[in-house]
Amino acid sequence: MAEEEEVNQGSVLSTLHSLTEGMEDIVKKAREYVKDSVDDFVSNRVSCLGGLIGLYCKSFLRLGVTTRSEVNRLCQRHFRHQEVQEAVEHLDDMEREWNDFLKDVDRKLQGDASTTELSIGSLGPCDIPLTDARTDKKLTLRDYLGDKNLVLVLLRHFA
């Protein structure tokens, strides 16, 4: 049993290290692109962020899990080991850095545009400029919606 746990601990450690190192590389590369030009990054180089999907997929497969919650539970089983604690903390730090990077890109794209929080019943920001991905035509959200009332869910997707 102790031998099996040691193998699992080793697998958890190597997987966490690989995932964290891969994330570091992707964020470092993306930061360089953004430093050159945010607009160029969003238009031409944002697909580099998609590599994170592959990193998580490989990590999940190696650990035999399907969700981040399952990764957390697996790590908790080995949390008495200092190395696992440090690897989990490093992954958490890297995920925070990832989120901070995305927020920074959002801020740079918005420039000085003020943001307001919407609540239930608020009118949506219908004058948001959009680009039709199929035709590259510049539109607003209002152009898509027309005079209809509907529930709209916007997802931010970098890939």
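**Close-up views of side-chain pairs**

D104 and R107 sit three residues apart in helix α5, so about one helical turn separates them. This is a predicted model, in which local features need pLDDT of at least 70 and side-chain atom pairs count only at pLDDT 80 or more, while totals for chains, interfaces and linings use all residues. Residues are numbered from 1 along each chain as its sequence is written, and side-chain values use heavy atoms, leaving out hydrogens and water.

**View 1. D104 forms a salt bridge with R107.** Their closest N and O atoms are 3.9 Å apart; a salt bridge here is a side-chain nitrogen of Lys or Arg within 4 Å of a carboxyl oxygen of Asp or Glu. D104 is partly exposed at 23% relative accessibility (buried means under 20% relative accessible area, exposed over 50%, partly exposed in between; 1.4 Å probe, protein chains only).

**View 2. R68 and E95 meet in a salt bridge.** Here the N to O distance is 2.8 Å. R68 belongs to helix α4 and E95 to helix α5, so the pair ties together parts 27 residues apart in sequence (helices are DSSP runs of H or I, at least four residues, and strands runs of E, at least two, numbered from the N terminus).

**View 3. F41 and F101 form an edge-to-face pair.** Their ring centres lie 6.0 Å apart, with the planes at 80°. Rings of Phe, Tyr and Trp (its six-membered ring) pair if their centres lie within 6.5 Å; planes under 30 degrees apart count as stacked, over 60 as edge-to-face and the rest as tilted. F41 is buried at 1% relative accessibility, and F101 is buried with a relative accessible area of 1%.
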